Amino acid sequence: MPDQNPRIGHGYDLHRLEPLAPEGAGQPFILGGIAMEHPLGPVGHSDGDALLHAITDAILGALGEPDIGQLYSDSDPEWHQKASTHFLEGAVRRMMARSYKVGNLDCTIICERPKIIPHKPAIVEALTKVLGVGSDQINVKGKTHEGVDAVGEGRAIEVHVVALLLPDP
Ligand code: MG
């Protein structure tokens, strides 16, 4: 008998930003599956998409399942430079297997550059496809870190996501 209660999850991720290879270890800047022009890019084992990682962890967290680092270890060569949509699709499959669907997501992206607002519609549209939801179920907010600390100095990107899952009998 599936759980009949809504479930809530929180996901968090941070990636260091460095000059793009070969000058640094940064990979092309991609967020929510959308490529963006930026002289810096995320350092990570996969493609470093902090938004997709945080959404994946919010869904897994709501389900009480192992987190993204446990399921897709950063020491496993299989996930090296892997598109992060793969991880989110894995979380969605686990959600469906548990008879849940996404009620809504609220995402907060914190970085100095690039500006997130112009990319919001493309990010939301990409997420609707992976998650099988309407655009009114996904909210994306962009904030800066007011110039302080590593995020404020443009050396990192940080993302928080809250996900509400609803029973889908
Ligand atoms: Mg990550």
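**View 1. Glu65 and its contact with Arg94.** In this predicted model, the side chains of Glu65 and Arg94 are joined by a polar contact of 2.6 Å. Glu65 belongs to the loop between H1 and H2. When residues up to four places away in sequence are not counted, the residues touched by Glu65 are Leu60, Arg94 and Arg98.

**View 2. Asp67 in the loop between helix H1 and helix H2.** Asp67 is placed in the loop that lies between helix H1 (50-63) and helix H2 (68-71). A polar atom of the Asp67 side chain lies 2.9 Å from the backbone nitrogen of Gly69. Once neighbours within four places in sequence are left aside, Asp67 is in contact with Asp57 and Leu60. Along the chain, Asp67 and Thr56 are eleven residues apart, and a distance of 8.2 Å separates their C-alpha atoms. The relative accessible area of Asp67 is 34%, a value between the limits of 20% for buried and 50% for exposed, so Asp67 is classed as partly exposed.

**View 3. The protein donors of the magnesium ion.** Three protein atoms are shown around the magnesium ion: OD of Asp13, NE2 of His15 and ND1 of His53. These donors lie 2.1 to 2.2 Å from the ion.

**View 4. Packing of helix H3 against helix H4.** Helix H3 (residues 85-97) packs with helix H4 (residues 120-131) at an angle of about 45 degrees, and the two axes are 10 Å apart. Because of this angle, H3 is oblique to H4. On the H3 side, the contact is made by Thr85, Leu88, Glu89 and Val92, and H4 contributes Leu127, Val130 and Leu131. By class, the residues of the contact of H3 with H4 comprise five nonpolar, one polar and one charged.

**View 5. The cis peptide bond between Ala21 and Pro22.** The peptide bond that joins Ala21 and Pro22 is cis, with omega about 10 degrees. Pro22 is located in the loop between strand E1 (7-19) and strand E2 (30-31).

**View 6. The cis peptide bond between Arg113 and Pro114.** Arg113 and Pro114 are likewise joined by a cis peptide bond, for which omega is about -5 degrees. Pro114 is situated in the loop between strand E5 (100-110) and H4.

**View 7. Positive phi values at Glu146 and Asp149.** Glu146 lies in the loop that runs between strand E6 (138-143) and helix H5 (149-152). Its phi is near 55 degrees, which is a positive value in a residue other than glycine. With a relative accessible area of 68%, Glu146 is exposed. Asp149, by contrast, lies in helix H5. The phi of Asp149 is near 65 degrees, again a positive value in a residue other than glycine. Asp149 counts as exposed because its relative accessibility is 52%, and the limit for this class is over 50%.

Definitions and conventions. Residues numbered from 1 in each chain as written. Predicted model: local features only at pLDDT ≥ 70, side-chain atom pairs only at ≥ 80, totals over all residues. Heavy atoms only, no water. Axes fitted to C-alpha atoms, helices over the stretch in contact; angles between N-to-C directions. Helix = DSSP H or I, 4+ residues; strand = E, 2+ residues; numbered from the N terminus. Parallel < 35°, antiparallel > 145°, perpendicular 65-115°, else oblique. Contact = heavy atoms within 4.5 Å. Nonpolar A, V, L, I, M, F, W, Y, C, P; charged D, E, K, R; others polar. Donors = N, O, S within 2.8 Å, 3.2 Å for Na, K, Ca; no water. Buried < 20%, exposed > 50% of the residue type's maximum accessible area, 1.4 Å probe, protein only. Polar contact = N/O pair within 3.5 Å; in protein donor to acceptor, adjacent residues only side chain to side chain.
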